[in-house]
Amino acid sequence: MSPESEIGVFVNGVLHYFDTTVQQVAECGTPYLALGRSPEVSDYTGMIRISGKRDGVVFFTAPKSMLCVMLMRMQETDMSHDNLCDLVGEIANTLSGNARRDFGRQFSISVPSVVHGRNAVMEYPLNTRAIVIPIEWRTYHARLVVCLN
Amino acid sequence: MNQVLAHRLMVVDDSNVIRRRIERVQDLPNVEFIGAARNGIEALEMQQQLRPTIVTMDLTMPEMDGSECVAALVQRDPEVRILVISALADKLTAIDAIERGASGFLCKPFTDRQLNDALRKLIED
Amino acid sequence: MARRSSAISGQWLQFAATILFAAALTVLLMLGMRRADELQSASSALQLASELSSRPAIVRSELTLLQRGLETTTYVGDPLRNIAAIRESSNEAFPLIEQQLRGARLADQPDVAGPLAVALNRWQSLDRGLEALNKKRSAELYLDTNSGSELTASGKQMKAAVDSMLAAQSQNLQIMGDKLGQLCAMLRANVADNGRSLRSILLGGTGVAALLLGMMLYYAWRARLSAASAASAQRQVANILGTVREGLFLVGRDMRLGETCSASLTQLLRLPATAGLSFEQLLEPLVDQKTMTAALKFLGLLWKDKVHEELIESVNPLSQIEVSFPNSHGGTDTRYLAFSFRRVRGDEASADYLLGVVADVTDRVLLARELEHAKADNDSQASLLLQLLRVDPNQLQSFLATADVAFRKSNAMLTAPGIEQQDLKKKLNGVFRELHAIKGEAAALALRSFVERIHAIEDALSALRGKAALSGNDFLPLVVRLDELMTHVATIQSMQERVASFRLQGAKSPSEAHADEQRDTTVINEPVALEPPPAAPTPAPAAASAPASAPILELLRPLAQEVARAQGRAVRLVARGLEHVPARYSAAVKDICIQMIRNAVVHGIESPQLRAQHGKSAEGTVQISFATDSPEDYLLTIEDDGRGLSYEQIMDKALRQGLLRPQQAMALDRATVYRLIFQPGFSTVDQVSEHAGRGVGLDAVGSLVREHGGKVGVSTVAGQYTRFKVLLPKLATASAAAPSAA
């Protein structure tokens, strides 16, 4: 599988999540490389680690406001910290499921983890540029970051 | 009227968002939501009290995983119908869960309609 | 289910009707038999009765004969014997009649029994008299005297008895005869009735038998018909199984394959035969142990009544599997197979089986993976190393720096927000320009690994340019390639370092010697033909001190060669004044020259044959000059002696590409039309080649010139020349903030 199809699996996973779960289309912006520095994380970040044929991390990071509106779209009224963590965790979980389905045994994929706060430090594989895919939904900006060597 | 609500639905998922979503989204006329459990242990306790007839079951959960929970639920109530709902990771894991007594599988993420379709198929004879 | 029950009820109906008709026939035949018995009895009784009914008259006549005999004293033995015989037969006849009447079930009927009883009664009283007569028979009746015979006393007694009987019993005889006549009439009527009813019964029986026969014939015909339609259905199934491309097969509960399967199954699975195999044996050559386990478990699930088969489709481990088959050349063919299963329910649970369908989805899968396979395998370290050894280290260094800047700039464009169509288009065009410029430089240095990579990206981007609606996702391959390019830059960088250290240690390598030779040519100040290479190198006063501008011509010459070779042209490059390019313009001038030379060779210079036809020298000339005469601007002129710009072609193309509307086109002057060639996306050559023709070249020039606050113009004479003039301001303008390659 080519690298762009691999990344495409994650991008489509996220877009599909929006289609199905909040039933409102999200669009992705032009992807770019995070040069010289680590990509910033937003308020809530759901992450999976990948090892095997390729090593690295994939995470979905979104501002609190966006997650709240997503919950609202899902008719959830409880906007607690736990529920927000739940939501990004669920998205990461979906990514992990998609990856396992599409990548087969060449990859081993961790259970998703959730980090909170914009100061969170992510561990990236060395000597690897992360590809950042902006995810635009309504007026909100989230990012999918794929960093695989 | 209670006679019409022939099916009593229990949701087992460690994600609160998913639990509440299933509760809200399911709109089959003859299904009544009776409760949600956060893990396998809770699910077994709730089964004693609430006697669900249908269950949606996450696979990866703390305490007791979904597959084990399926087996335990079915052992106590052979009639209970279980829909495994999970981000499809390993097909063998899903197959195992169905082998242990579940009736079907729904892949996360799902739309409202997909969920209702799956539940409808779950309760049809 | 419905069809099955209707078939069953049809069979039942047939069975029941047969039974019913047979029963009716039996009943009718039994009735007929009874009627026949009765008829026989009745007619026997009639015969007896009619015989009997004549007896009173006979008795009377015998008695009369007896009386006359006695009177005439003649022999009376005969009448007496006759009367005795009548008595005997009549006494026997009455019980027989009664018996026959009972057999005819008429004994209880009053209109039959009545007359018989009366007749019997009368007969009995008559019989007593006759019996008395008979007793006297043995006595001597006559006595022979002289006067003749005379009656004896017994004779007289007998005569008196006969006389009185004739008188007294005459009424009895009359009544007996009447009653027996009555009985006979009744019996005759009865026999006639019975005969009629027997006839109708037999008629009915024949009818029923005919119906039964008809029905049996009908069912036999139906059975033959349904056998024929079953045979035709079977033929159709056989046709389907023979022609369907998917492999169809049945798996029983014992996990063995059924005998029926489609012909393609053996082809798909490359098995000699499948009948009698277990599913495991079928799968064994195809999948690994883990998949096998999962597959067998999955099939097991389908047998579970609790499981909903549609709800477990997504966990089918055989929904797509990769399999390898040995081929005739000793290698292996990789195919992708997709299995699906359905439980088919038979009449009862034990008759259920699974219908398996297997299809070859290789084409679909390969299509999806084509991109992956299309990746060039030009990455081997050896070929990279060879490529590097041919290039001058300083030029390479400069190229790598320029490339890095261009890539960063491209990435910066992508990083900028904006997902509207116009934003995306702008990003696309911007990245295209950047990469195209780098490709030009790479081509000039013959760095094929870069050229091919960027060319592949450009192919993808060209496709995107034609797309009506872009999405961010479309840029994903671009970013991945960009990442690869940056990695490639790093790889080349590290290799370059190793090569450099190797060079320091070793003697002067041939390539370096070659590079030195090339560097010598850059200092040539006078117009110089590039082909053949200059024979007499001239001293180079500026070259060493101005490394930024020095490599320009050095870069351009191999570029011109390369492009000319690829296009089948012969080109001479003449350059003048390039050493005066100030450092801050060196990158821009270099880029502009690269594009212009390409453009000139691809669009301007004709093929040698064509040039010969037009009376031109086979070799085309591209002249480049850089003039510093004007106080405000530097003037860069690039001129070729090719076919010139075609006003009509440009107009036509601009109209087709939607850059112009027809009514606009009418109003435009020639100069404006020519300026269209600097518009993004404009190209007059339809065929895309590595060297130009995507129209990006002049677009890039235009954009570069504008970036530096300069101007660009074109003048042309058809069939003679095309001359581009680029004015670059001597004073740096505010917009000249573009990063420089240095």
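**Where chain C meets its neighbours**

Modeller: Let's begin where chain B touches chain C: 16 residues of chain B and 14 residues of chain C take part in the contact, two residues being in contact if their C-beta atoms, placed from the backbone, lie within 7 Å. On the side of chain B, the elements giving two or more residues are β4 (81–86), α4 (91–99), β5 (104–107) and α5 (112–123). Helices (H or I, at least four residues) and strands (E, at least two) are DSSP runs, numbered from the N terminus. The largest share of this side, 6 residues, comes from α4(B). By class, the side of chain B has 10 nonpolar, 2 polar and 4 charged residues; Ala, Val, Leu, Ile, Met, Phe, Trp, Tyr, Cys and Pro count as nonpolar, Asp, Glu, Lys and Arg as charged, and the others, Gly among them, as polar.

Please keep in mind that this is a predicted model, in which local features need pLDDT of at least 70 and side-chain atom pairs count only at pLDDT 80 or more, while totals for chains, interfaces and linings use all residues. Residues are numbered from 1 along each chain as its sequence is written, and chains are lettered from A and ligands numbered from 1 in the order in which they are written.

Chain C also touches chain A, with 20 residues from chain A and 22 residues from chain C in the contact. Here α1 (3–22), β1 (27–28), β2 (32–34) and β7 (130–137) of chain A each give two or more residues, and α1(A) gives the most, with 6 residues. This side of chain A divides into 11 nonpolar, 5 polar and 4 charged residues.

Now for chain C itself. Chain C has 23 helices and 12 strands.

One of those helices is α20 (residues 647–656), whose buried residues are Ile650(C), Lys653(C) and Ala654(C). Seen down the axis of α20(C), these fall within an arc of 100°, so they line one face of the helix; the arc is that of the directions from the helix axis to the C-beta atoms. They pack against α22 (670–675) of chain C. The face turned away from this buried side carries the exposed residues Glu648(C) and Arg656(C).

Definitions and conventions:
Buried ≥ 20, exposed ≤ 12 C-beta atoms within 10 Å, placed from the backbone.
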